[in-house]
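My notes follow in the order I made them.

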Amino acid sequence: MKQIRARQTRARLLDAAAEEFAVHGYAATKLQAVVARTGMTKGALYGHFPSKRHLATALVTESAQQWRRLGGPGPERAVPADAILAGLIREIRGQLQTNVRFRAALRLAADCELAPSGSPGLFEGIRGELVTSVRRAQEEKGLARSYPAETVAYLILALVYGASHLPPWESAQGGTVDPNRAWELLRTALSLG
């Protein structure tokens, strides 16, 4: 029973910290705000995480492990390369939209590298998968062949990650810019289905 309660407390602390880190980044996040979100004491926080760095590292490590599990053993050759790339991008977008821990971890990974030594960080894992998928799509489908795979992967991640952090923009027509339309434009430019 004690272990179950400890796991639940740890999960609540991680969720609260993720909300703070996702909005404020590493430097501006205050542990008191994390504690306030949970309604717990600072002692409960320090009982699980001795410092802000430990708390942030736990989020990044968890998301990097989750990303490696999502990535799996590698793409099947029977699946078209552009479909694999489109699926990978959908997965990143979905995680950023629905998983606050992932969103916070990616922000933390951008703010300061917190991966344990010896294992690839979250950005490195995503970057590696994107570059590999883009390169394969270039070889198989001629996708954006005139650009280095690293540049195309960078553009994709910049759009997907950046769109999750931008506030709504007003358009000249009076509405707001739809991030999905920006993605559609990039998909069209890259000839992704």
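**Entry 1: helix 5 against helix 8**

I began with the residues that join these two helices. L85, I89, I92, R93 and L96 of helix 5 meet I156, L157, V160 and Y161 of helix 8; contact means heavy atoms within 4.5 Å. By class, I noted eight nonpolar residues, no polar ones and one charged. Ala, Val, Leu, Ile, Met, Phe, Trp, Tyr, Cys and Pro count as nonpolar, Asp, Glu, Lys and Arg as charged, and the others, Gly among them, as polar.

Before going on, I noted the ground rules. This is a predicted model, in which local features need pLDDT of at least 70 and side-chain atom pairs count only at pLDDT 80 or more, while totals for chains, interfaces and linings use all residues. Residues are numbered from 1 along each chain as its sequence is written, and side-chain values use heavy atoms, with hydrogens and water left out.

Next I looked up the geometry. Axes are lines fitted to C-alpha atoms, for helices over the stretch in contact, and angles run from 0 to 180 degrees between N-to-C directions. The cut-offs are under 35 degrees for roughly parallel, over 145 for roughly antiparallel, 65 to 115 for roughly perpendicular, and oblique for the rest. The crossing of helix 5 and helix 8 is right-handed. A crossing is left-handed if the near helix is turned anticlockwise from the far one by less than a right angle, and right-handed if clockwise.

**Entry 2: helix 5 against helix 7**

I then turned to helix 7, residues 122-141. Helix 5 and helix 7 pack at about 155 degrees, with their axes 8 Å apart. The two are therefore roughly antiparallel. Their crossing is left-handed. On helix 5, the contact residues include L85, L88, I89 and I92; on helix 7, I126, L130, V134 and A137 are among them. I counted the classes as 10 nonpolar, one polar and five charged residues.

**Entry 3: helix 1 against helix 2**

How do the axes of helix 1 and helix 2 cross? I found them coming within 9 Å and crossing at roughly 125 degrees, for helix 1 at residues 2-28 and helix 2 at residues 31-38. That makes helix 1 oblique to helix 2. The crossing is right-handed. R12, L13, A16, A17, E19 and E20 of helix 1 make the contact with A33, V34, R37 and T38 of helix 2. By class, this contact has five nonpolar, one polar and four charged residues.

**Entry 4: aromatic pairs**

I searched the whole structure and got three aromatic pairs. Rings of Phe, Tyr and Trp (its six-membered ring) pair if their centres lie within 6.5 Å; planes under 30 degrees apart count as stacked, over 60 as edge-to-face and the rest as tilted. F21 and Y26 have ring centres 6.1 Å apart and planes at 5 degrees, so this pair is stacked. Both F21 and Y26 are buried. Buried means under 20% relative accessible area, exposed over 50%, and partly exposed in between (1.4 Å probe, protein chains only).

W67 and F102 form a tilted pair, 6.1 Å centre to centre with 35 degrees between the planes. This pair links distant parts of the chain: W67 is in helix 4 (residues 52-71), F102 in helix 6 (residues 100-111), 35 residues apart. W67 and F102 are both buried.

**Entry 5: loop residues**

Y147 lies in the loop between helix 7 and helix 8. Is Y147 buried or exposed? I found it exposed, at 52% relative accessible area. Beyond its neighbours within four places in sequence, Y147 contacts Q138 and V152.

A78 sits in the loop between helix 4 and helix 5, and is exposed at 75%. P168 is in the loop between helix 8 and helix 9 (179-189). P168 is exposed too, at 67% relative accessibility. From P168 to D178, 10 residues along, the C-alpha distance is 8.1 Å.

**Entry 6: the whole chain**

The protein has nine helices and zero strands; helices (H or I, at least four residues) and strands (E, at least two) are DSSP runs, numbered from the N terminus. Its C-alpha trace spans about 55 × 45 × 30 Å along the principal axes. Buried residues make up 41% of the 193 residues.
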